[in-house]
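Please view the sequence and the model first, then read the points below, which are grouped by topic.

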Amino acid sequence: MLRPVETVSRETKSLDGVWRFLVDKDRAGRHEQWWTADLPGALDIPVPSSYNDIYPDPAIRDHVGDVWYQTVVRPPASWEGKRVVLRFDAAAHLATVWVGEKEVVTHRGGFVPFEVEVTDLLQYGRPNRLTVAINNELSLSAMPPGRQYRTPAGATAQALTGDYFNYTGLNRRVWLYTTPHEHIQDITVRTDLDGPDGLVSYDVFTSAPGGVTVRLLDARGTQVAAGSGHTGELAVPQVHRWEPGEGYLYRLEIGYGEDVYELPVGVRTVAVRGREFLINGRPFTFRGFGRHQESPVRGHGHDDVIMVHDFALLDWIGANSIRTAHYPYAEEVLEHADRNGIVVIAEQEAGMINLAMDFGPRTGPEPRTFGPDGFGADAREACLTSVRRLIERDKNHPSVVMWCLSNEPDSAADGAREFLEPIVEQARELDPTRPVCFTNVFLAPAGQDRVTDLFDVICLNRYYGWYLDGGDLASAEKRLVEELDQWAARHDSPILITECGAEALPGAHEVAATMWTEEYQSEVLEMVARVADAHAAVVGQHVWSFADFRTRQEIIRPEGNRKGVFDRDRKPKAAAYALRRRWRS
Ligand code: GCB
């Protein structure tokens, strides 16, 4: 799905701002048809943002069910006669939209965009009521997975299977945009290198048959190649490559009838060869973070301020890559990574398909992960849909070098292979150019895990020195080395440590380091780096996590997960300086 852009043939209108908002405490809105009038007794709510932390009210923060958003849209009179599309960059998790009194779209999937043509539904030059009902209920058959339960006090509560707060709402931008009636629907770009030259192949999908022209312009706007037809290949002599650390971008200008679309293009290759991860044919070592797209007050709401600041901190610390744990991030983040040469492992929103790891409240014996009481056919369908949407959205970003198809699934369990294999096959079919991975949990070590051979890179989330051998770094180091050796003995693939770390409470210090101090966190990360650097199969280290983040309330989570090397306000802990010394030297 193409991102809205402004070109000579397309206009956009942002619908961001302060909307009206109502929590549907009695589940009355759908029955009482709240879209037919102004929301009764509504509050103000900023868009984009998660709504959970805007008001200091646990009844809003922890609400389970529907909330309602409403605004008034005034499309310009000059848009009359054009094709007009209403687009949500993301609404977590299940959204139903009304324009005036007409229901126009329902969409599930809280981290990817959806849109609907509203050309004939809008009154141009006049106010139109726009209402959105958003439901945040979790189950094991939808993504991200979670479970509902009754509290002893009789309330309905819920928890994700994964370790983050279930932030919900209109987390990303909302737009109206125009296109000509006959328009460009989608573009797929793939790039290759031939010595010093580059190749850009393209597929353009249009709403009807008709001629397509393409031009490739360099960063100064000079045309370097041109072609025509829905499918083709452009040769770029002496190409300026997109490289880690240097996000050089060309611009592909596509013309179709009256429509023009412009797409940034980075020319680079990605491959796995033996135990190496190659970008542009050269071995790449990952240095960076698994992180969340998360910040105080906004929750999962996209914010350009936080985004640009976070990338500035990535640069300050000397990181070259991130993983978009545990869901697709806003497209702005990928565009920023493209421009800044930050390498991205893009993760789908499959959450944690793992009931052996589920640390949410339990009401009975734990069911098996894969099967009728756990993750079944519906969940697999939902995962297939999430992977498809992720790849369809992010396929053209040069920064994205690998798809992460699942975080810590129960990959040693019966049924794991049957569940994951079709997901891997689909990803390879949709995108034969990028390697695929999943992150392995410590409960599925080499020999017990059943799926690693399906993937290209072995990604290990390992907390030696924290959950394992906490406070005993000598044992932690020994066991980490042993485990890496075991993986390397079984598989001739690169190993990436996708998570490692320890929690630190800012201001907790000890000369002889102990758990929870800033010194201990630095020592754990130093130990993992030493091991990773020395091991022939390891292609890098991603620290968990970039910044502290909110989780559900638990006794092991003081104000959330504190494994950030920055706190939630992006203030550095001692580990940030330790990493900077290592990564920048
Ligand atoms: C993991 C998960 C991540 C958690 C982290 C932790 O393995 O992938 O979501 O936050 O561990 O800190 O426990």
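In helix H8, the buried residues include Glu-518, Tyr-520, Gln-521, Val-524, Leu-525 and Val-528; buried means under 20% relative accessible area, exposed over 50%, and partly exposed in between, with a 1.4 Å probe and protein chains only. The model is predicted: local features need pLDDT of at least 70, side-chain atom pairs count only at pLDDT 80 or more, and totals for chains, interfaces and linings use all residues. Residues are numbered from 1 along each chain as its sequence is written, and side-chain values use heavy atoms, with hydrogens and water left out.

**Helix H8**

- Helices (H or I, at least four residues) and strands (E, at least two) are DSSP runs, numbered from the N terminus.
- H8 covers residues 518–534, and its 17 residues should span 24 Å at 1.5 Å a residue, which agrees with the 25 Å between its end C-alpha atoms; the expected span is 1.5 Å times one less than the number of residues.
- The buried residues of H8 pack against helix H7 (473–490), strand E29 (495–499), strand E30 (538–544) and helix H9 (574–584), where contact means heavy atoms within 4.5 Å.

**The ligand and its shell**

- The ligand is surrounded by 13 residues, and the closest are Asp-163, His-326, Glu-408, Tyr-467 and Lys-563; a residue is near a molecule if one of its heavy atoms lies within 4 Å of it.
- The shell divides into 4 nonpolar, 4 polar and 5 charged residues; Ala, Val, Leu, Ile, Met, Phe, Trp, Tyr, Cys and Pro count as nonpolar, Asp, Glu, Lys and Arg as charged, and the others, Gly among them, as polar.
- An oxygen atom of the ligand is 2.5 Å from an N or O atom in the side chain of Asp-163.
- For the side chain of Glu-499, the distance from an N or O atom to an oxygen atom of the ligand is 2.8 Å, and for that of Lys-563 it is 2.4 Å.
- Taken alone, the ligand exposes 320 Å², of which the protein buries 96%; accessible areas come from the Shrake-Rupley method with a 1.4 Å probe.

**Buried residues in loops**

- Thr-551 is found in the loop between E30 and H9, and its relative accessible area of 2% makes it buried.
- Among the residues that Thr-551 touches are Asp-163, Tyr-164 and Phe-165.
- Thr-119 sits in the loop between strand E8 (114–117) and strand E9 (128–135) and is buried, with a relative accessible area of 10%.
- The side chains of Thr-119 and Glu-117 make a polar contact at 2.6 Å, that is, a pair of N or O atoms within 3.5 Å; within protein, one must be able to donate a hydrogen and the other to accept it, and residues adjacent in sequence count only if both atoms are side-chain atoms.
- Asp-431 lies in the loop between helix H6 (416–430) and strand E27 (436–440), and counts as buried at 3% relative accessibility.

**Backbone geometry**

- Most residues other than glycine have a negative phi, and most peptide bonds are trans.
- The peptide bond from Ala-92 to His-93 is cis, with omega near 0°, and the bond from Met-143 to Pro-144 is cis, with omega near -5°.
- Glu-408 has a positive phi, near 50°, and is buried at 7% relative accessibility.
- Arg-570 is not a glycine, yet its phi is positive, about 70°; Arg-570 lies in the loop between E30 and H9.

How values were computed. Lists of a residue's contacts leave out its neighbours within four places in sequence.
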